[in-house]
Amino acid sequence: MAPQQQDTGSTGAYLIRGAAILGGPAEDLLIRDGVIAARGTDLGNAGDATVIDAAGLVALPGMVDIHTHLREPGREDAETVETGTRAAALGGYTAVHAMANSNPVADTAGVVEQVLTLGRTAGWVDVRPVGAVTVGLAGEQLAELGAMADSRARVRVFSDDGICVSDPVLMRRALEYVKAFDGVVAQHAQEPRLTAGAQMNEGAVSAVLGLTGWPAVAEESIIARDVLLAQHVGSRLHVCHVSTAGSVEIVRWAKSRGINVTAEVTPHHLWLTDELVRSYDPVYKVNPPLRTDEDVQALRAALADGTIDVVGTDHAPHPSEHKECEWAQAAMGMTGLETALSVVQHTMIETGLMDWAGFARVTSTTPAAIGRLADQGRPLEPGEPANVTLVDPAARWTVDPSKMATMGRNSPFAGRELPGKVVATFFKGHPTVLDGELNTPYRWLPDAPGSAGAPAAGRA
Amino acid sequence: MKHLLSTEDLSYADAIRILDTAEEMSAVGEREVKKLPALRGRTVVNLFFEDSTRTRISFEAAAKRLSADVINFAAKGSSVSKGESLKDTAQTLAAMGADAVVIRHWASGAPHRLAATDWIDAAVINAGDGTHEHPTQALLDAFTMRRHWSRLAGTPSAGADLAGMRVAIAGDVLHSRVARSNVWLLRTLGADVTLVAPPTLLPIGVEHWPCSVSYDLDETLAGGVDAMMMLRVQGERMNASFFPTTREYSRRWGFDDNRLRALDSLGLKDTIIMHPGPMNRGLEISSAAADSPRSTVLAQVRNGVSVRMAALYLLLSGDTRGPATPTAAYSKESH
């Protein structure tokens, strides 16, 4: 059901008529000057506002991705901040956390500010740079975490994602140090010695295919160590892309002990299994690897019951030459920004495990809280920032990677029919997506000196 | 059958067909003129990303005996070593009109990629991929076993399978494409397979395979074995702690002189000893065992040419019905 946009002039006011807010009864939302001005069952005359007929649509808080690879600076052949954030907006996101494994690595105030600026220039979503934990992701020496925290980028999430902070002393120090500025260490849990040369999940399928195994224990042993470290030093730990049933049990145990840990699952780990690797098609090569159906079911249950807190895409675009090759030669990673909503709807909502309020919790409210984003993941209430996603849950579409906004063509969902389509995305009250198509970016006002992280309201 | 990629997905009928065709090919090898015109004008490329002189010359001999034109493409020292991708190599071969690609690759699944993509439209034969499969090796092993098994039964090989034959495969199963291909094919042909290895050299998940697993070679031999296949073990594995020393490996899992004598004392007078080569004499097999009358090592090499002729013939002749009769095709063609 497409919304009807009545062009009444570019005033920056939008009246969303009859949307099911978090899947509840139909209500109207009036967006004006970057905030939600009113919410009610009949907000009456639109006045100067552009009316969007949202009958049959679900209104959600703009989605926040805790785990995105935008590749810029360094690998602009794979993705740029511009293309990656276009993909994010189309996928229903209003904020993404850009992982630090760029080139140069985002391990200094200079690089994280560069990424912040690229994000603001693009204007499609909030780009929140993640800072590296160690210099060059080398796992030897702490990066200047404080400088990144104090920079214009206001970094709160630190991660060597792609590589595990495997040294227990270094991990302990990082966890302790980020307490000084309310940071969190997001760990890529992968014991390096147990996964040397690893190509896929170690189990029945790897035994047949003759591909070097990535055992579940390599993830679980690091998570077990890290939750104990987080408890010992009283710090905040986030576990990236949890992929095994055993990891779920460890996180559940840690939470029951009151340890301050949050956990993330990717859309692909909620659905796909290592059986797909039998094709040797590297589009299914990802790190951590696709696991078994038993793991998939445990991850879904954990996301539903809150053991796993958030969905993070681990959006990882690669140029086609890195996938059009032998499995062992291929890069690890899958795109995810433009399919995440649909995959979570398919795996969690249409299975009855979760409702749209739960969806908002795991894709917006909690990831914003982990990243300490004050104006994201907020309730859809008057006075709140107007970061809003409108979804048509009845829509069905077939994934065609060549039509995506991301430069990456490595979607494991290619050819699958998925439910749910993003109809509109409002970022700071401005529609970045309308009628399911990219509209225009939000335009940031030039930064006033000293106004770090608190930009002026934009204009439509 | 468009490609020969693995024995896991090889049907019983196709397996028997290849073995029966190989019997006919073997007869060609005993003639004065060891050549058939069956693949005249067809081009077979041996695409080797990994050194393997034995396998390459076996395929080369097979293709030449069928009158195919053979191109050998060794990745070392070629454009491939300068960074050319598998895709570009495949498309280059396609542009040159290759009818069949015999590919040996260090990466598991590389032949599947060639077969599954539109890079090249030739028949693909897997000549060993990483630690995945080596189907023609398993077929030549099965061919060798079938001749032995049929001779004991006093029946002809053609049409027969390996029902009831007890086969033990000992060695580095984890890293062995030969072991994998043999497990699937021997199961299809009705043999009972036991894998014997240190637990470190068995893959996680081996319990799902259609075979038994043992850590004790002597116990396996005592239980009765009709064919004992030893796998090559790389001595360097001890550096990654797969076993403590080569001597300990040899004592526990090698086919040494004591075990050779044990075959006699156990009354296993017809048990054959197999090895895919190249052998590490003194590590997984002793010289006395390798050179004993029980050894089929050289017969395996000989049979390899017949089996590869059969595979090339069946994939390239377009004859997909019934038992293949290359000599009949020859006589038809000569009219």
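In this predicted model, the largest nonpolar core comprises 125 residues. Those with the most contacts inside this core are Leu66(B), Ala100(B), Val101(B), Val102(B), Ala142(B), Val167(B) and Leu312(B). Helix α11 of chain B, spanning residues 297-316, gives the most to the core, with 11 residues. A second, separate core holds 122 residues, and Met63(A), Ile66(A), Val115(A) and Val185(A) are included in it.

Turning to chain A, a pair of packed helices is worth a look. Helix α4 (residues 168-177) of chain A packs against helix α6 (residues 216-233) of chain A at an angle of about 45°, and their axes are 10 Å apart. Because of this angle, α4(A) is oblique to α6(A). The crossing in which α4(A) passes α6(A) is right-handed. On the α4(A) side, Pro168(A), Met171(A), Arg172(A), Leu175(A) and Glu176(A) take part, and they meet Arg225(A), Asp226(A), Leu229(A), Ala230(A) and Val233(A) of α6(A). By class, the residues of this contact of α4(A) with α6(A) are 6 nonpolar and 4 charged, with no polar ones.

The two chains also touch each other. Chain A brings 19 residues to the contact and chain B brings 22 residues. On the side of chain A that touches chain B, helix α5 (residues 204-209) of chain A gives the most, with 5 residues. That side of chain A is made up of 9 nonpolar, 6 polar and 4 charged residues.

Key. Residues numbered from 1 in each chain as written. Chains lettered and ligands numbered in written order. Predicted model: local features only at pLDDT ≥ 70, side-chain atom pairs only at ≥ 80, totals over all residues. Axes fitted to C-alpha atoms, helices over the stretch in contact; angles between N-to-C directions. Helix = DSSP H or I, 4+ residues; strand = E, 2+ residues; numbered from the N terminus. Parallel < 35°, antiparallel > 145°, perpendicular 65-115°, else oblique. Left-handed = near helix turned anticlockwise from the far one by under 90°. Contact = placed C-beta atoms within 7 Å. Nonpolar A, V, L, I, M, F, W, Y, C, P; charged D, E, K, R; others polar. Core = buried A, V, L, I, M, F, W, Y, C linked by C-beta atoms within 7 Å. Buried ≥ 20, exposed ≤ 12 C-beta atoms within 10 Å, placed from the backbone.
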